[in-house]
Amino acid sequence: MNIGSFFEHPISTELKNMKTAPGFFLICLSLLLPLSVYAGRPDPLLARRLSAGGYDAGSMVEWGLVLKQQIDTDALRKAMQLNRYSAQERAQRIMREALSLQAATQPILIARLAEQIPSLQITHRFWVSNMIMIRAEADALNILLNEPEIDLIFDPADYPTRAIEPVHAKAETSSGQETPEIPGGREPGLEVIGAPALWAMGYTGKGRKAFTVDTGTWTEHPALAHRFVGNFKPISEGWYSLESRYPVDRPSHHGTHVNGTILGLDTATHDTLGVAFGGYFMASNPLTHSNLTPLHINLLSFQWAMNPDGDTSTFDDIPDVINNSWGQAGAADTSFCQNWSTQIFNMVEAAGIAITFSAGNDGPGAATLKHPQFVNTNPVNIFSIGAVNGNASGFPIADFSSRGVSLCGGSGPLLIKPEVVAPGVNVRSAYGKTGYGLLSGTSMSCPHVSGAVLLLKEAFPQLGGDSILWALYQSATDMGLPGEDNTFGNGLISLPAAFNYLSTHHTPAPAGGGPIDLSLMPLSIPAANGPMYCAEQFASGMDVGVGLLNVGDSVLTHMILTARNRNVHTQSIPLNLQLSPGQVHHLTVPNIPVGEGWNELWFTGEISGAGTDADPVDNHRSTRFLVQGLDTLNPYPPTNEAQIAADGWTADSLVYIQNLSDDDYTWDTAAVGGLSRDAYAFRLKHLQYGGRNRQRDHLISRSYFTGSGALSNLTFKRAYLNRNSAFRDSLRISLVCDCGAVERVLYYSGGDSMRSGMNTMIPDDSSDWQEHSYELPELRLYPCHIRMETINDFGGNLYIGDMSIQSRVAVGCAEPQRQFSYRLYPNPSRDGFFLEGSDLPQTVKQIRLRDAIGRQHPLPVVREDSSNLWYFDARSLREGLYFLEIENPMHTHEVMRFIRLKP
């Protein structure tokens, strides 16, 4: 293999502008891998499973189907090198080739399988690899194995992954003996890799982006808040999660710590944690330390990163590096060396994105790297990073750092692992929402390399991520045995050496990105009363304050300010003014429309006729908030008015669940016994979750009016058993009116005093429940709602059921009863439900399925029985409360809610 020819051609500093003819991005036959002669073969792990007995008859099983036609990434990479593609052109070419292949092959296969497999459900469709994830009854495997367009079938249960656990952790707080925050401080590891040398040149990672596939992140941390992409652009371009609507971290705070090392900086204290503090970060949270995650779930994050804004004509939404602190759970298996995941890694790197992986903490034995760290399709893929002690003389290797050789074989540099090392012992970084902590592990060394990629990418923006990694690899400082070895790899990364290596072949870009740099300041919106806004506050819209700051060194003129809400273009405002360097211009944009539910406002500032903005991220600003609507009926009627009430389905009233800490453990619904009306109750799992004690969560009813002379009663039943009197879970129930301006506490209790009579932790008898009834005072013309606030002290699970608000006279309505455009009802003969509405293909833009705490779930397969009636299979849904969010082409939403009873 000619290693040098794999990377950017070193002789030219000018990139050729490509002029493409119509249809250029249609798939070229020469860029497709040849068809296999075998039809639908099981992968080695599935073959073992089948030889051991296979699956139980009639069970629902998930499989991955890898189609035969795949993009030949090596051929495509060489074609792009030959034509001197820029990094942006690489990304666009890859995306369009892959999406074209998906469109040409997957719909035909899905239609054919649906005719043969009645139980078929499509859970995920990949395009970064031509692959489909399905669920079906076990006997469908015989059909899949004989399908000629399927090359490989795998069971995702055979590919479990886990976050790499830190070797030891020490959380620090301001009340501790040590000072966790160091004003004017600088982490030692940053000096070890030579980051200050590039800072001195003016490179800080400005405008570049890292994406962390980790446990999530706390974006409000003072060292990170000003660097999160979702604080500038729509949240969908900065956060990817199948669980939570907005960024959160797991109890380990692992992802927050990693992001801090990549680019953390507290601007108030000038405490420098990160390598590239001028860059930005995007995040996802598929990883946990306690549970296993199927490999394909992690790789969905990679696919999202290829096109976060959903527009293949843009490229400034794509990250420069993807940082990974996860790997195969269980024993290493060489069948992973060249499997379907390798195709995805190759595609992402061919698109110009660098991929970094922590090597693992299974050292000091030989050959202790697992998948995907031991993959070696070329010398920097997979780019795995070991850990040294950056606080000790000579920077010795950490005992825990995983060693090579690669289990995938090969020779020369392909056989040696890891690729490089970086500081990973007692690394201080962000921890929790405001604190700091010391962690050790290769998960701490990997973000040093990802931050280095951002610095070098600012200096050499025309290069792909593979070329940046190649420079870090080639210029690393040799350590241990002479030459590359299986302990230190090619050595300790050195940013000055990597910069000099690239400078011999390429001309560095000016530090700071150029003279044109418009920045929008944080948006100013009215203060909310209580935890959310009320729709009545903004009948005519919201007034939003915007500040435009010129952080470049050129005078800016002829700017356009665009305001949007929920992807709907609201208004464009031309600004004919001169903005001198350092000058700020403030203005108020009036009457921005807001609606019920979650609102997201974002503004973009553009300069007409000017050159490229030095920082394409900070000329945007976004903000998000919840607007509570007005319910025209009792939010909890005495008897459920079932929208779905047959064959195991029943309706429930819509509530908002606003958690103030995370979406991992908050209010949800659970099957219970002993209630008079409901088979389900709202539940908060205090018992199972002690990772973030004292967290607060709100369960909030829809608003209602008590008209003149109306008296109402709130009734509900509560079940709780404290496991130990030392714990003090608490519950406060309030009547909140006038958008939070008036609050009256109806009930407050905590600890053992909340005990309801339960002897077990799950209520199953009427004696387990304690009933409450409160007279709600007449509050004329005030919209009111019930707010239930809990504080978690790790005591016992709390249940609320049979809730109702009953009026002695009819509840008054401030607006006509809302007419739904759609109707939801069950299929009486099969386990599914119908959505009915006029001309659904034209009136429905997107449908999302969420559970009670807002986590998005794969939507069961839809069958269009007619243009007015769609059928959804429900066998994959667990019991619980769900919301079907229906978005029309005008980006307005309707929410249909239902409870899935135990199948």
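**Entry 1: Lys233 and Glu237**

I looked up this pair and found that the side chains of Lys233 and Glu237 meet in a salt bridge, with an N to O distance of 3.9 Å. I note that the model is predicted.

**Entry 2: Glu743 and Arg787**

I turned to the salt bridge between Glu743 and Arg787, whose closest N and O atoms are 3.7 Å apart. This pair links distant parts of the chain: Glu743 belongs to strand β37 (residues 742–750) and Arg787 to strand β39 (residues 783–791), 44 residues apart. I recorded Glu743 as partly exposed because its relative accessible area is 38%. Arg787, at 9% relative accessibility, counts as buried.

**Entry 3: Arg208 and Asp320**

How far apart are the closest N and O atoms of Arg208 and Asp320? I read 2.9 Å for this salt bridge. The two residues stand 112 apart in the chain, Arg208 in the loop between α6 (195–201) and β8 (209–213), and Asp320 in the loop between α8 (295–306) and β14 (321–324). Both Arg208 and Asp320 are buried.

**Entry 4: Glu458**

I next examined Glu458, which lies in helix α10. Glu458 is buried yet has no salt bridge. Which side chain of opposite charge is nearest to Glu458? I found Lys206, 7.2 Å away. Leaving out residues up to four places away in sequence, Glu458 touches several residues, including Lys206, Arg208, Tyr203 and Ala509.

**Entry 5: the second largest pocket**

I recorded a volume of about 1,400 Å³ for the second largest pocket. Of the 50 residues that line this pocket, the closest to its centre are Phe315, Asp316, Thr612, Asp613 and Pro616. The elements that give two or more residues to the lining are α3 (87–116), α10 (442–459), β25 (568–575) and β27 (597–607). By class, I counted 18 nonpolar, 17 polar and 15 charged residues in the lining.

**Entry 6: the whole protein**

Finally, I looked up the totals. The structure holds 21 salt bridges, and Arg49, Asp155 and Asp158 are linked in a network of salt bridges. The protein has 13 helices and 48 strands. Of its 903 residues, 59% count as buried. Among contacts between residues at least 6 apart in sequence, 79% join residues at least 24 apart.

Note on methods: Residues numbered from 1 in each chain as written. Predicted model: local features only at pLDDT ≥ 70, side-chain atom pairs only at ≥ 80, totals over all residues. Heavy atoms only, no water. 1 Å grid on protein atoms, 1.4 Å probe; cavity = no way out; pocket = protein on both sides within 12 Å on 5 of 7 lines; lining within 4 Å. Points joined across faces, edges and corners; volume = space filled by probe spheres on them. Helix = DSSP H or I, 4+ residues; strand = E, 2+ residues; numbered from the N terminus. Nonpolar A, V, L, I, M, F, W, Y, C, P; charged D, E, K, R; others polar. Buried < 20%, exposed > 50% of the residue type's maximum accessible area, 1.4 Å probe, protein only. Lys, Arg positive; Asp, Glu negative; His and termini not counted. Salt bridge = Lys/Arg side-chain N within 4 Å of Asp/Glu carboxyl O. Contact = heavy atoms within 4.5 Å.
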